[in-house]
Amino acid sequence: MATQRTLCIIKPDAVEKGATGQILDRIQREGFRVLGLRQLRLSRRQAEGFYAVHRERPFFDELCTFMSRGPVVVAALERDNAVEHWRRVIGATDPAKAEAGTIRKQFGASVGENAVHGSDSEENGRIECAYFFAGVDLIG
Ligand code: ATP
Ligand code: MG
């Protein structure tokens, strides 16, 4: 399996709960290399840009309000099969449907407030890491 990059966002609900450390610990136990790590508060415009693919969806406004309500932690991650592996570790979008042992099962509250983000394809993994990190900031 090829080495890939994926973007993790620890969303505002998980940062508010004080779950950042436990999620970073899980990332390391899953064998990801952390290439870049930042805490920031997304502006409304940054949230809208990041989730632009969902702009026609009924939950878009709620999603952008949520994502910009407090600090997030973004992490550019690398490992073999990173995209699929991270999606498996975070679990289904709706925490109620997420498998036991997944991060969304552990920390997610609802389909909207679901603790973490993961890129959905190799191409988006690269694009999303570049959205938050300049090349020079990534430790390869
Ligand atoms: P993410 O892209 O954040 O990793 P995902 O890929 O599992 O999540 P998407 O379909 O890309 O799910 O939706 C993006 C985000 O929009 C979800 O993580 C969730 O926060 C929010 N969302 C999705 N569906 C709903 C919904 N029905 N109601 C409210 N919020 C939703
Ligand atoms: Mg998605």
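This is a predicted model: local features need pLDDT of at least 70, side-chain atom pairs count only at pLDDT 80 or more; totals for chains, interfaces and linings use all residues.
View 1. (A polar contact here is a pair of N or O atoms within 3.5 Å.) On its own ligand 1 exposes 580 Å², and the protein buries 81% of that (Shrake-Rupley areas, 1.4 Å probe).

Local features need pLDDT of at least 70 and side-chain atom pairs 80 or more, while totals for chains, interfaces and linings use all residues. Side-chain values use heavy atoms, with hydrogens and water left out, residues are numbered from 1 along each chain as written, and chains are lettered from A and ligands numbered from 1 in written order.

**View 2. The shell around ligand 1.** Count 14 residues here, with K11, Y51, H54, T93 and N114 the closest (near means a heavy atom within 4 Å). By class, that's four nonpolar, six polar and four charged.

**View 3. The largest pocket.** Ligand 1 takes up the space of the largest pocket (more than half of its atoms lie within 2 Å of the grid points). A pocket is an open set of points on a 1 Å grid over the protein atoms alone, where a 1.4 Å probe fits, with protein on both sides within 12 Å along at least five of seven lines; lining residues have an atom within 4 Å of a point. The lining runs to 29 residues, and Y51, H54, F59, L63 and H117 lie nearest the centre.

Methods:
Ala, Val, Leu, Ile, Met, Phe, Trp, Tyr, Cys and Pro count as nonpolar, Asp, Glu, Lys and Arg as charged, and the others, Gly among them, as polar.
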